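Please keep the sequence and the structure open beside the text while reading.

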Protein chains: 2
Amino acid sequence: MAKRSFWAWGHESDEPTAEQMKTAAGELAKRYKVDLAPVTPPRSTDLSLRKPRITPPSSLAPICDSDDHDRAVHTYGRSFRDRIRAFNLDFPNPPDVVARPRNEEDVEAVLEWCSSSGYAAIPFGGGSSTVAGFEPPEGYEGIVTIDMEGLGRVLEIDDISRSARIQGGVYGPALEDQLRPHGFTLRHYPQSFEFSTLGGWIATRSGGHYATNQTHIDDMVESVRMVTPSGLWESRRLPGSGAGPSPDRIAIGSEGILGIITEAWMRIQARPVFRASAGVTFPTFASGAEATRRIVQTKLWPANCRLLDPVEAAAAAGMGGANALLLLGFESAEVPQGEFIRHAVDIAREAGGTIDEANIRISDGSGGSGGSSDGDTGRQGSVGAWRNSFLNAPYMKNHQAGLGFVTETMETAVTWDRWPNLDESVRAALQDALDRVCGGGTVSCRFTHVYTDGPAPYFTFEGMGRLGAELEMYAEIKQAASDAIMAAGGTITHHHAVGRLHRPWYDQQRPELFAQALKAVKRTLDPNGVLNPGLLIDA
Amino acid sequence: MAKRSFWAWGHESDEPTAEQMKTAAGELAKRYKVDLAPVTPPRSTDLSLRKPRITPPSSLAPICDSDDHDRAVHTYGRSFRDRIRAFNLDFPNPPDVVARPRNEEDVEAVLEWCSSSGYAAIPFGGGSSTVAGFEPPEGYEGIVTIDMEGLGRVLEIDDISRSARIQGGVYGPALEDQLRPHGFTLRHYPQSFEFSTLGGWIATRSGGHYATNQTHIDDMVESVRMVTPSGLWESRRLPGSGAGPSPDRIAIGSEGILGIITEAWMRIQARPVFRASAGVTFPTFASGAEATRRIVQTKLWPANCRLLDPVEAAAAAGMGGANALLLLGFESAEVPQGEFIRHAVDIAREAGGTIDEANIRISDGSGGSGGSSDGDTGRQGSVGAWRNSFLNAPYMKNHQAGLGFVTETMETAVTWDRWPNLDESVRAALQDALDRVCGGGTVSCRFTHVYTDGPAPYFTFEGMGRLGAELEMYAEIKQAASDAIMAAGGTITHHHAVGRLHRPWYDQQRPELFAQALKAVKRTLDPNGVLNPGLLIDA
C-alpha cells in the first residue's frame, strides 16, 4: 500500500517536486507582487515526535504501531492549519499509539483498553478532516488513534432492495470498486472521496455528489452498527420507520464521541447511463442564484446544480471573470435525461441565463456504464473543466506550501431569504480581514448544494501572509468570517463537520438543551469519557 | 366550534344515525351470515367519569376544564380498542384536567405546575392517535392533558425560501386554509388530516400524502421550537446542516416525552397545477409489487404510488377482486407531468401491468390551482374512487360500532428482499388468528409508501367477534400479527407511531443502548418524568 504523506494531500508520491514548488512560488510571487523563495518540503526522516507514553497490552500489540511517521499521519487532517503545522514539523501532541483493528472484536478490545485506562480513543477514517476532527486532545496520559482501514469490505449486497452491508473503514474508491462489478454505486463523492471512509462520512454527516434532494450521507443510511464502550448499538435495517426518534440520527454526525461505526447498511443504486449536462452563464451571481432557487424549488432534482460566482467561474472553468456559471447535471440508470435538463435550462434562461445549444450535452446511454471514470457527458465543456479542477484542487495546495500563503474554504447553509445578506456580510468580513491581516486578497463563492429552502454556499479566500505568522493570520480571518456566518443565520458547517475547529460557533448554534441531552447520551454510551474528548461537547 | 364526538371519528354531527347503523348491521349480518341487532350509540349525557382529583392553580383556572365530555374526548384516540372502550362508556382513568394553553407562556406554566406537583402531563394534538399515544398512565395522582388547539396559527410565511413558521396546535385543514391565500401548501395529508395537528405529526413522525421521496414530516421540518420542563429547545432555521447529530431528529418522533412542540418552521411549496394519474391493473399483488419496486428505484418520485391487493382494489376502487391495482399520481406547480407518468406507466406495463390509455389522465394546468378541493385529475376513474374511499374510511367505522365486529389496520415497512416473506407470514398470522378467534375473516394489504429499498405495507383485517369480547379477540390477533412483523424484519410502525399499543414490539426493535440513551435525554429535559410517562421508555 502506498505510504501517506504526513503533510501533503495524498501519498508520498503526491508530494510536489522541487520544480512544481518553484512554479507555484513563481505564480504566487507574480500574483501578489512579492518575492518568494521556494522551500524544500520536510521529509519523513525529519520527524521527531514525543516518545509514546503508553504501551499496548500484549494482546493488542499485533495491531498497534507507534513509529513517528504513522503517528504524524494520524495527528492532523488536511485543513490549512493542519498543513502548515505538519509542514513545519510541529507535532507537540501526537497520538501515542495507532491501532488498526482487523475486525469488530479488535475494536471492542481497543475501546476496552482505553476505557479502563482512561486513554483518549480517537476514531480515524481517511484522515481528510478539515476541522480537526481527530486531532488528539490535551490532558490525557495516553492517546490511542483507531485507524479503521482494516474494516474495508463490502460484506453483502442485496440487489433487490438496492442496499449493501459495508464496513465502516472502507475508502471511497475501494467501496466503489467493490460495488461496480455488481452494477451498483453508492454515488457519494465528497471532494475528499479518495481519502475518506464510509464510517467517517456517517460520523460527520458528509455531503456528497448530489447537489439536490438526497445528498447527505444521512439519507443513504438504512441502519448503523456501532461499537460503544457500553456495548453494541445496532439499528434494524428498514427503508423507513416512524418508531420513535431515529436511533441512526444520533449516530449520524456523532463525530466519534459516542462510538465507532463498524458497519452500515447503505442504500445503493444502479450505475447511471443516461446523463445530461449544461453550463449556463449569468450576468451576476445574484441572477444565477435566483435561477438556481427556481430550479430547485421546481423539484426537478438535478444531480449537479452548482453555481460559481465570476471569480470561481474564471478559476475553475476558464470563464472570463465577468459572468457567473451554473453547472447543471442530470443522470439516471433507466430514464433519458434530455427532457429534464431542457426544463432546467428553460427556467435558467427565463431567469436571465444564456447557454449555447451546443453546451447542452445529452447522452443517450450508449456512452458506457457510468461511474467516475467512464462516459464523457459531464466531462466536456465548462462542466468538464470544473470537474477536473474540483478533483485536483486539494493536490494543488501541496505545491503552495511553505510560502506564507493563506488560503482556505468555508462552507455553510442558509435559507434563501437570508442568503443575500449572508453573502454580502461574509464577503465583507473576509475581505476586511484579508485587507487588515494580509494587506489584501480575494474572496469567491459557489453553491455546492441547494435545497428548496436555501443554498449551501462555499467560500474560498486567499491572501499572502507572512511566513511563520500564517496561523495567527488565518485565525483572525476565520474568526471574522465565522462570526459573520453566525450573525447572518447560517450554520457553522454544512458538510465539513464541527471538529475542534468549529466548536466555538457550534456552541452558539445548537440549542443549549440539546448539548445537555447529548452529554447525557455520551455518559450512557461512553461512561469514562474516552471517545474523541472535546468534540461537540465538553465531557 | 363543532363539538367532537367522545366515541366516533369526527364531530357529534358525524355520529351515525339509527338508520345508518341499521344499514351497517344489515350489511355485516349478511357478510358474516349472523344475526346482528343494531344498537343505540352512547350519548354524552351517559358519561359518568371519575371525579377530577386535582384542581388547577387559580392562575391556570381560565384555561382548564374538567367536564366529563371534555375529559372523555381526551382519554382515547381512535384505534379499534379506543372506539370499543369509548362506545362502552369505559373510562376508568380519564385525565383530571384538560388544559388549553393560549400561548407558549401558558404551556410553560402548565408544565411547571405538573412538574412541581408530579402530575402526568399529556400533550394532545388532534386526538386521532391509533396507538394510545395520549392515553393517561396509571399510577399518577393527577393527570393533566394539554390540548394545543389554542396555538393554531401560521405566524410567518417566507415565500422566498418557501417556509412557514407555524404553531404546533394547528389542525390540517386550518393549516392549509392559512397557507392557501399565499399560494402555498404543506401538502402533508395523512388519513387523519382533519383531526391531527402539526405538533402531533412531528411528535409521531407522521407519513403524509407523498408515496415516495420526502413524505415523512421529518423531511419537511426546517426547525423545531419545543417547551420542555427544563426550558426552551429551539433549533436554528436551516435548509441543511452537518453540525453534529440533528437536534430536530430528537424532537421528531419523541411522542410527547421530551417536550411540547409549540412552533416549527416547515418547508412549504407552491400549489400543484399540473397533475397526472393512472390506475394500472396487475394479475397478482406480487407482479404489482415488482412494478412498484422498479418505478421507485427509477427515482421518478411519483406523489402517489399506492399498490392495492385484489381485495383492497375491489373494496376501495370497485375492481372485480381478481387483480391488483397500482395507483400512480404525479404533480407539480411548474412542470407538466405527462412525460413522467408515461415513463412510470411504461415501466408498469413492462412488468406485466395493463391500463387503457383513457385511464391515463393528464392535466395541462388549466384545471385550477390545485389543492384538496379543486381540479379533477386524480378525482376520476379508479384513482378517484380510491381517493373518496380513503378519506371516508374512518367515518364508515362509526356505523359499525357496537356489533362485535373486529377490524383494524396495521402498518409496517420492510426491505424489498424481505417483503415477500413478510407478506406471507403476516397474512398467515392474521388469517390464522382470525380463524381461531373469530371463526374466519378477511385480510388485505396495500402499499401506502414506497422507498427505493422497500415498501410500507398496510394490512387491514376484519372478522366478526362476540359483543363484549372484542378487546380480548383483538388483542390476540394484534399480538400474532405484530410478532410476525417483528420476525419478518419489519418495523412495528411506519407512520402510526409507537404509543402504548406498540411498546412491547418497539422494545424488541430499537437498540437497547438507544433506549438507555433516550432515558438519559428524558432525565435531562424532564427531570421529574411527568411528560407522557410510559411512552417509548420507562421512566
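1. Strand E12 (residues 274-282) and strand E14 (residues 324-332) of chain A are joined by nine bridges and run antiparallel; strands here are DSSP runs (E) of at least two residues, helices are DSSP runs (H or I) of at least four, and both are numbered from the N terminus. Two strands are said to pair if DSSP finds at least two bridges between them. Within this pairing, A:Val280 has A:Leu326 in E14(A) as its bridge partner.

2. This is a predicted model, in which local features need pLDDT of at least 70 and side-chain atom pairs count only at pLDDT 80 or more, while totals for chains, interfaces and linings use all residues. Residues are numbered from 1 along each chain as its sequence is written, and chains are lettered from A and ligands numbered from 1 in the order in which they are written.

3. The two strands of the opening point belong to an open sheet of seven strands in chain A, with the order E15-E12-E14-E13-E17-E18-E16 and antiparallel pairing. Its edges are strand E15 (360-363) and strand E16 (405-411) of chain A, each of which pairs on one side only, and from one strand to the next the twist averages 10°. Helix H8 (residues 285-297) of chain A packs on this sheet, where it touches E12, strand E13 (304-308), E14, E17 and E18 of chain A, and its direction makes about 165° with that of E13(A). Such angles run from 0 to 180 degrees between N-to-C directions, and axes are lines fitted to C-alpha atoms, for helices over the stretch in contact.

4. Chain A also holds an open sheet of four strands, ordered E1-E2-E4-E3, with mixed pairing. Strand E1 (64-65) and strand E3 (120-124) of chain A are the edge strands, each pairing on one side only. Strand E2 (residues 97-99) and strand E4 (residues 143-147) of chain A run parallel and are joined by three bridges, and A:Val97 stands opposite A:Val144 in E4(A).

5. The domain assignment, which is automatic or comes from a database, divides chain A into domain 1 (12-150), domain 2 (154-270), domain 3 (274-374) and domain 4 (396-498). Taken over C-alpha atoms, the centres of domain 1 and domain 4 of chain A are separated by 25 Å. In chain A, 22 residues of domain 1 are in contact with 17 residues of domain 4, where contact asks that the C-beta atoms of two residues, placed from the backbone, lie within 7 Å. Helix H1(A) supplies the largest share of the side of domain 1 of chain A that touches domain 4 of chain A, namely six residues.

6. How are chain A and chain B related? A rotation of 180° with 0.0 Å of shift along its axis superposes chain A on chain B, with an RMSD of 0.0 Å, which is the relation of a two-fold axis. The superposition is by least squares on the C-alpha atoms of residues with pLDDT of at least 70 in both copies. Among the residues of chain A, A:Ala520 comes closest to the rotation axis, with its C-alpha at 2.6 Å.

7. The contact between the chains takes 76 residues from chain A and 77 residues from chain B. On the side of chain A that touches chain B, H15(A) gives the most, with ten residues.

8. In chain B, the axes of helix H3 (residues 80-87) and helix H13 (residues 470-487) come within 10 Å and cross at roughly 175°. That makes H3(B) roughly antiparallel to H13(B), a description used for angles over 145 degrees, whereas those under 35 count as roughly parallel, 65 to 115 as roughly perpendicular and the rest as oblique. B:Phe80, B:Arg81 and B:Ile84 in H3(B) meet B:Glu470, B:Leu471 and B:Tyr474 in H13(B).
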